[in-house]
Amino acid sequence: MDLRFGDSKPTDEERAAVDALLGPPESSWEGADRSDADLRWARGGREARDRRDQLLPALHALNDRVGWISEGALDYVCRRLTVPPAEAYGVATFYAMFSVRPRPATVLHVCTDLACTAAGASELCAAVEARLGPESGVKVERSPCLGLCERAPATLTIRAGTPARLGVPPLGELEDEAVQAESGGPGAAAPGDGKGKGRRGRNTLHATAVCAPATPAQAIAAATAPESAPTEPAPETAVPQTGTPTLTLLHRIGTADPTSLDDYRAHGGYTALRRAFALGPAAVIREVTDAGLVGRGGAAFPTGRKWQATAAQPDHPHYLVCNADESEPGTFKDRVLMEGDPYALVEAMTIAAYATGAHQGYLYLRGEYPRALARVTHAIEQARTRGLLGDDVLGQGYAFDIEIRRGAGAYICGEETALFNSIEGHRGEPRSKPPFPVEKGLFGKPTVENNVETLVNVLPILTMGAEAYAAIGTPTSTGPKLFCVSGSVARPGVYELPFGATLGELLTLAGVRDSLRAVLLGGAAGGFVRPDELDIPLTFEGTREAGTTLGSGVVMAFDDTVPLPRLLLRIAEFFRDESCGQCVPCRVGTVRQEEALHRIADRTGAAAADDIALLREVGRAMRDASICGLGQTAWNAVESAIDRLGAYE
């Protein structure tokens with residue numbers, strides 16, 4: 001028995017939002033007015049089902065236009081795409097940025113995650129909630145990490161409405177920096193012929209405002225008076241090393257105009273792609289393999305092996321997916337790269353696709369990154385216009401294009417197979433492996449998936465050569481690495497260092513405070529280390545030997561003014577909220593972990609011993625039996641705080 005929405009009907013505005021994405025309905029089976037022809041036969045069902053992957057963009061279109069998703073609107077989407085209502089409802093309720101209950105058109109998201117908590121997010125949120133009551137027309141929501149940790153505390157305002165009503169020009173016509181900084185849109189694409197074929201990923205703008213660091217007055221002004229919202233700082237403000245000549249991955253940020261393709265090429269852009277075409281796909285993969293590049297998202301899988309395994313698959317088509325859904329608390333490096341050097345990502349994706357035999361790429365981008373969306377969308381459009389994307393890239397007879405798909409607030413979609421499910425229009429739940437994505441990934445086809453930092457590393461590999469690249473860092477951790485430093489430091493931001501630098505050297509660059517109490521490596525899924533352990537080498541093998549993890553490069557410093565039990569409780573709350581609920585160990589274990597930490601929040605010693613023993617038992621069960629990395633790592637930070645920091649002694 002399926003879910004039914006009864007007599008609920010979509011409003012004209014809701015219909016317009018969906019039709020702008022999918023085109024007008026062709027028959028009453030899809031929601032058009034009934035005609036005699038519709039009574040004789042049903043047609044178009046197969047084509048509609050083949051567009052199931054447009055479900056998430058359709059939900060974005062409704063949410064951006066109206067501010068929430070009504071039963072009538074959801075039923076209309078189901079008819080247009082031939083999706084069972086129960087499945088569509090399950091998708092709509094899976095993502096934190098959507099609402100299936102009425103809410104105001106303006107939503108103010110206040111980050112309450114680790115860096116913002118340490119910077120006074122609780123006080124900010126309380127002040128905003130006290131002054132913005134129901135009559136204000138603004139919904140205040142406490143949000144997980146917004147990826148603005150270097151400017152904590154942070155808020156993000158999203159205002160629903162049509163582009164015409166908001167008076168915002170199309171993305172390709174954006175020239176004013178302030179408009180670009182405050183604009184974003186869904187990863188919606190025009191209907192196409194097959195998966196991705198013929199789609200251009202044209203985004204429709206909605207209004208946003210980022211305040212970071214935010215005061216109550218600034219956050220309220222951004223939500224109630226958009227014209228008075230503060231302008232978001234330039235991306236280079238997040239790179240304290242800007243201008244340093246030794247930078248490899250960050251050297252264009254702050255020196256090249258991120259909106260100008262000509263400026264990008266003047267600073268070495270598209271040199272790597274030309275060399276890739278000169279080498280050929282197999283030689284490109286060999287260069288990446290010889291360079292020793294491994295994934296920068298935390299798993300550290302050899303990139304060359306992944307590319308080779310995908311390229312060797314006889315099944316076609318092949319797909320390339322860039323994972324730009326960096327939702328790990330404390331992580332913001334991919335955001336800075338996309339905002340400050342978007343053409344580098346477009347070029348790197350083109351090289352990866354060429355090497356692996358893919359002709360369609362998907363960029364899965366965090367829904368909380370409006371400026372990154374604007375910058376990358378503009379870069380893709382400019383590259384397409386100049387023959388750097390499309391049917392004949394650089395006149396080499398190779399076809400490749402990129403479509404942006406916007407996430408909607410789900411940490412679990414950072415897991416590659418959950419990301420595939422999300423793109424395909426299903427709940428973002430991880431799949432069992434094998435089969436692995438290189439065999440059956442997106443749409444059941446061979447797929448290579450890399451994050452932004454991993455892909456951008458391909459450019460220096462091809463420009464300087466594999467041998468020179470491998471000489472950077474250590475023999476087993478090669479190349480430069482980006483670190484996201486936030487918390488109790490004087491100069492938070494993204495730092496680029498060669499693998500092998502120590503934690504102490506990094507914190508010295510960032511200006512660590514004398515009253516340092518603990519450092520969290522790897523984000524919420526990582527582990528704490530003590531102030532006397534700053535000689536840990538920042539390599540994958542070095543952190544493993546020290547009993548912790550490098551993860552995606554998160555380094556969060558906390559001084560003695562930050563209550564450690566409250567941080568641990570926030571980590572537990574985060575994993576409870578973000579668990580997809582698919583497997584029992586994670587679904588139940590994250591809840592039990594939070595409950596135990598609530599009980600012992602104000603207790604120490606013998607009074608907390610029983611609950612600590614329970615935490616260890618639950619943590620082992622999650623680590624051993626969870627289906628994906630979320631449950632397997634949900635206990636790491638709490639365990640390290642108990643064992644290394646004596647959090648409840």
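Student: What makes β9 stand out in the lining of the largest pocket?

Tutor: β9 gives the largest share of that lining, 5 residues. Keep in mind that we're looking at a predicted model. Along with β9 (447-451), the elements α15 (303-311), α16 (333-340) and α28 (629-633) each supply at least two residues.

Student: How much space lies in the largest pocket, and which residues are closest to its centre?

Tutor: About 1,300 Å³. The lining has 45 residues, and the closest to the centre are G297, G298, A299, G414 and E415.

Student: How do those lining residues divide by class?

Tutor: There are 13 nonpolar, 20 polar and 12 charged ones.

Student: What about the second largest pocket, and which element gives the most to its lining?

Tutor: That pocket holds about 550 Å³. α25 gives the most, with 6 residues.

Student: Now the helices. Why are α17 and α18 called oblique to each other?

Tutor: Their axes cross at roughly 55 degrees. Angles under 35 degrees count as roughly parallel, and roughly perpendicular starts at 65. The crossing of α17 and α18 falls between those cut-offs, so the pair is oblique.

Student: How do you know which residues of α17 and α18 meet?

Tutor: Contact means heavy atoms within 4.5 Å. On that basis P342, Y343 and V346 in α17 meet residues of α18, including R375, V376 and H378.

Note on methods:
Residues are numbered from 1 along each chain as its sequence is written. This is a predicted model: local features need pLDDT of at least 70, side-chain atom pairs count only at pLDDT 80 or more; totals for chains, interfaces and linings use all residues. Side-chain values use heavy atoms; hydrogens and water are left out. Axes are lines fitted to C-alpha atoms, for helices over the stretch in contact, and angles run from 0 to 180 degrees between N-to-C directions. Helices (H or I, at least four residues) and strands (E, at least two) are DSSP runs, numbered from the N terminus. Angles under 35 degrees count as roughly parallel, over 145 as roughly antiparallel, 65 to 115 as roughly perpendicular and the rest as oblique. On a 1 Å grid over the protein atoms alone, a cavity is a set of points where a 1.4 Å probe fits but cannot get out, and a pocket is an open set with protein on both sides within 12 Å along at least five of seven lines; lining residues have an atom within 4 Å of a point. Grid points are joined across faces, edges and corners, and a volume is the space filled by probe spheres set on the points. Ala, Val, Leu, Ile, Met, Phe, Trp, Tyr, Cys and Pro count as nonpolar, Asp, Glu, Lys and Arg as charged, and the others, Gly among them, as polar.
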